[in-house]
Amino acid sequence: MKFPGPKHKIITEAAQTFTFTRRTMVLGAIQGGIGALLAARMAWISIAENEKYTLLSESNRVNLTLIPPRRGWIIDRNGRPLANNRTDFRVDLIPQRVVDADATVKHLAQLLSLESDEVDRIREELDKSAGFRPVQVADKLTYDQYAAVSVRLPDLPGVAPSQGFSRHYPAGSTVGHLLGYVGAATAEEYKERKNPLLITPGFKVGKDGLERAFDEHLTGEPGAKRVEVTARGKIVRELTTRPDTPGHPIKLTIDAGLQEYAGRRLATQSGSVVVIDCTNGDVLAMASMPSFDPNSFSDGISQLEWAMLSQDDHVPLRNKTLQGLYPPGSTVKPMVALALLEAGIGPQETVGCAGALRVGNTLFHCHKRRGHGAVNMRTAIAQSCDIYFYQMAQRIGMDRIAAMARRCGMGQRFDLPFPSQSYGTVPDPAWKLKKYDQKWQVYDTVNATIGQGYMLINPLQMAVMAARLATGKQLMPNFLHGAKRPAPSSVGASEEHLAIIRDAMSAVVNGGGTGGAARMAIPDVLIAGKTGTAQVRRITMAERAGGVRRDASLAFKLRDHALFQGFAPFDNPRYAVGCIIEHGGHMIRNEDAPMIASDTLSYLFDPKKAMEKLETLEKGWGGTPTERQARQMGAFRLARAIEKGEVPPPVADNASNAAEAGNSATPQPAPPTPDEAGDVPPPPGSNVADVP
Amino acid sequence: MSIIPQPLTQFPWRVLALLLAIAMFGTLVLYSAAGGSIFPWATNQAVRFCVFSAMALVLSRIPLETFARFAFPAYASVLIALFLVELIGGVRGGSQRWINLGFMQLQPSEFMKPIIVLAVARFYARLPVGDIRSWNAIWPALVLIGVPWSLVLIQPDLGTATMILAGGVTVMFLAGLPLRLFIGSGLTLAAIVPIAFSFLHDYQQKRVLIFMDPESDPLGAGYHISQSKIAIGSGGIWGKGFLQGSQSHLDYLPEGHTDFVFATMAEEWGMAGGILLIGAFMLLFRWGLRVAMRTSDRFARLVAAGLTTTIFFYVAINLMMVMGLAPVVGIPLPFMSYGGSSMLTVMLCVGIIMAIDRSNSRASNPGNWG
């Protein structure tokens, strides 16, 4: 209107009103369109995608927690539990609900008397925690502790006492290597099996031993609990619960009492005992000591305890019965004698023992330096004369001995439910050629006949050998009660020959032989057996010239292994035993292989008497294995603290006493006096030869 | 003429009834969001609604000239308040949206939403009719809008800034500026967005991408949108039932009583409730635009349409955000979301539109004043 021009429209009030009306209508249309769009969007989400979002909403709302299944029991041949489930009282902290973390932890530490390293762990986990994931304060609490926390709940916000199940091994460390232990599944196991149960808190899988071998059988079906939870993880209410189905039990051939007895009877030594039923090969006890306590392993072992176990020279972490390989020493002599009989050598043929024998250009010694004089087979076994076997073995050759050794179970691999086994070696010319590409030499035969050189055996195999010598049958070791197996084939020896061997083995113990310490205190039950000593070091000519050093003066790792294999009663064998004491050196009579084996067998005939003897002995050893281990742990903890400078070293000898008492509880053995030496037969084969 | 007395027929019954219905529905949803309790939200909201309705009715009695006269002074004072907020925030070293007056917290950017409409409308009302296609018709309006827009944007409050811009531009559009200006800048903007996007920082790009696909980060930045969609989607057609919404009651839905109140509602009332609510808002906008179209006064009609659109932006941005069509910006849903300032602003808008409506009916009914 003011600036009318050809390029400009003429704008009037009316035209502007018209424009306004038109544009308002456009605006209204846009608003209506957006409204329709929103309605359509809403319809899309709530109708077309309703199913998807309903599912998401439910998965938000409902939290499915698995209830770990109770593990099947492991019971012994009489139904006594070797591993069961204990009602577990435990206390957790829900970090989100804790008001004053410091005071709460302090209060709990006092209530439950927690160690300071535990308190540190709880504090650390509280700091790292995601809010609603519980932090474990303690488990395996007694009912009193549980109740003590429960009644104080109003003053302890965020503390959650609860009840569950945990694996319990009543016999503690004595079944450690037999049963293994359980523990939380590793990340690798979860990746492999993808089972959500594996990452459920409180669920444990078998980690070693029978627990691992029968893991699937022992694992039950998990239960499930559906709960409604808020976004912060707070449980609003329980919806449904399906209880768990416990796993199947397994019944072992083990005798729980004997197993525990054997473990305790091994005293402070590093060794193992295996007992086999001569009627069918059932393994009644298989103890390897010292051992970890599977109870503490199953809770998650503390770093301190692990450090202590792995530093111990008695190797508590190795299952010696199946993974320990030792030269069998003189314990092979009855087997070699059986081979001699089979080869036609008469039991009355004698060999003159002068204390040494030259083979090639090496001088082989008998353990008795002055020599045994004229010895026949019975005397040679009873006195463990090495010269007799050197001579006789050369006559029949190694192949026949090796064949008999294999029939007696040496070098045989048994199909056992254990994840890892080492099985020994029976050397023969073919084996040596293959392994070393060397020809078999006469001195190899000589060494093998006294169980040295290349020959190796594990304690289970030794017990099997004892059982096969006792029965003449190729018994197979077995752990599952009532397992069906074929009747054992024969060892291939005549009953007459077996009687000769059994009689000679009885003479070892009861006839003034080297195993007098194994004599049983049970009337009418005579034990037969064979002692053995396995060297772990070379004896040099120089040393021999100056007198062979006694084991007591040697470092632990250099001492000889002490072995014993046998059975009882000698004339009608019922039970066979194998026992190996690592670096035992025959130093302490009541902690030596013969007496340990014999006492263990005596438990089967008169448990009460055997137990009385053990309890008396244990007083001298510083208590049961559990007590000794607890003491060792205490000393170790103290030593660590001193090392770190947290605790001042106690003045003078108090500390060293404490450390020593705890460290091994090994009473320092006094060198045997000459009188005692007369009673203890000299270790057979201990100074045999310059082993090549 | 009628047997009903004049003041009663003039009373805006219909729009009040509509607002009352929406607000009552909102109160009901807040009752449920509090877990079936009138505390802490439902009572507060109801009381506020009554107070602000009374305020709106008082506003509706004020002559239009007063609004016109006070448009620029009000704009200036809110702008000063915005500067103050920025200054205080700068001193305290953080984002600042409030001025503490001692007895209450004042959020000036909230008032800028209706005031920008008044100010821009006032500018165009005073502009000579013929100047509407000249440069002089554009730059003062752009300055009027741009200054508060940038002040709010750097707070930073993207939602409010967008609403100020949208309110101002709407009035410019209605004032009759050449259409090609809007089409042209619209196209330019569309071209610039992808380029601007490539200049953004990684984390900023990520934020935009998450808005596009909230499920890609369901626990992080996409959590709000994901949970809101779950709430709406799981409601289905008829909803889970009053007080039965698990998303809101178990705290999965964040801000279920404020910005995401629509999701809380939709979970329990389903699509039926949602469509009803959207329909009710549409009726409100129709009323507002009709008032604008009936008005001959340039200032008044621009204000009526502009304020209606301001309310519309509240609703549209909030619903788009809740349904995953827009990024999460803190824009509440009028009458439904718990909170005083937004209801105050919306009721200010409604009151002014009612005042315009009232002046119209008096103008169209000359018998009244003679």
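User: How many bridges join S11(A) to strand S12 of chain A, and how do the two strands run?

Analyst: Strands of a sheet pair through backbone hydrogen bonds, either parallel or antiparallel. In this predicted model, S11(A) and strand S12 (residues 283–289) of chain A are joined by six bridges and run antiparallel. Take one pair as an example: Val275(A) stands opposite Ala285(A) in S12(A).

User: What do S11(A) and S12(A) form, and how many residues lie between them?

Analyst: They form a hairpin, with five residues between the two strands. Look in the turn for Gly281(A), which has a positive phi of about 90°.

User: Which other strand is joined to S11(A) by bridges?

Analyst: Strand S19 (residues 575–582) of chain A. Eight bridges join S11(A) to S19(A), and the two run antiparallel. Here, too, you can pick out a pair: Cys579(A) in S19(A) is the bridge partner of Val273(A).

User: How do I read the two faces of a strand?

Analyst: In a regular strand the side chains alternate between the two faces of the sheet. Now apply that to S11(A). On one side are Ser270(A), Ser272(A), Val274(A) and Ile276(A). On the other are Gly271(A), Val273(A), Val275(A) and Asp277(A). Both faces are covered, and all of these residues are buried. Strand S11 spans residues 270–277 of chain A, and eight of its eight residues are buried.

User: Is helix H10 of chain A mostly covered or mostly open?

Analyst: Mostly covered. H10(A) spans residues 256–265, and nine of its ten residues are buried. Among them are Ala256(A), Leu258(A), Tyr261(A) and Ala262(A). The buried set also includes Glu260(A), Arg264(A) and Arg265(A). After H10(A) comes Ala267(A), whose phi is positive, near 55°.

User: In what order do the strands of the open sheet in chain A stand?

Analyst: The order is S1-S8-S9. This open sheet has three strands, with antiparallel pairing. Strand S1 (62–67) and strand S9 (235–242) of chain A stand at the edges. Each has a single partner strand, so one side of each is left without a neighbour in the sheet. Neighbouring strands are turned by 25° against each other on average, direction ignored.

User: How many bridges join S8(A) to S9(A)?

Analyst: Six. Strand S8 covers residues 223–229 of chain A, and S8(A) and S9(A) run antiparallel.

User: How do I describe two packed helices?

Analyst: Two packed helices are described by the angle between their axes and the distance between the axes. Start with helix H23 (residues 593–605) and helix H24 (residues 607–621) of chain A. Their axes are 6 Å apart, and they pack at an angle of about 145°. H23(A) brings Asp599(A), Ser602(A) and Tyr603(A) to the contact. H24(A) brings Pro607(A), Ala610(A) and Lys613(A). By class, the contact has three nonpolar, one polar and two charged residues.

User: At what angle do helices H12 and H13 of chain B cross?

Analyst: Roughly 165°. H12(B) covers residues 261–294 and H13(B) covers residues 298–322, and their axes come within 9 Å. Angles over 145 degrees count as roughly antiparallel. H12(B) and H13(B) are therefore roughly antiparallel to each other. H12(B) passes H13(B) in a left-handed crossing.

User: Which residues of H12(B) and H13(B) meet?

Analyst: From H12(B), they include Phe262(B), Phe281(B), Leu284(B) and Phe285(B). From H13(B), they include Arg301(B), Ile311(B), Phe312(B) and Val315(B). The contact has 16 nonpolar, three polar and one charged residues.

User: How many residues does each chain give to the contact between chains A and B?

Analyst: The contact takes 40 residues from chain A and 40 residues from chain B. On the side of chain A, helix H1 (13–48) and helix H2 (50–61) each supply at least two residues. H1(A) gives the most, with 21 residues. The residues on the side of chain A divide into 16 nonpolar, 16 polar and eight charged.

Conventions
Residues numbered from 1 in each chain as written. Chains lettered and ligands numbered in written order. Predicted model: local features only at pLDDT ≥ 70, side-chain atom pairs only at ≥ 80, totals over all residues. Axes fitted to C-alpha atoms, helices over the stretch in contact; angles between N-to-C directions. Helix = DSSP H or I, 4+ residues; strand = E, 2+ residues; numbered from the N terminus. Parallel < 35°, antiparallel > 145°, perpendicular 65-115°, else oblique. Left-handed = near helix turned anticlockwise from the far one by under 90°. Contact = placed C-beta atoms within 7 Å. Nonpolar A, V, L, I, M, F, W, Y, C, P; charged D, E, K, R; others polar. Pairing = 2+ DSSP bridges. Buried ≥ 20, exposed ≤ 12 C-beta atoms within 10 Å, placed from the backbone.
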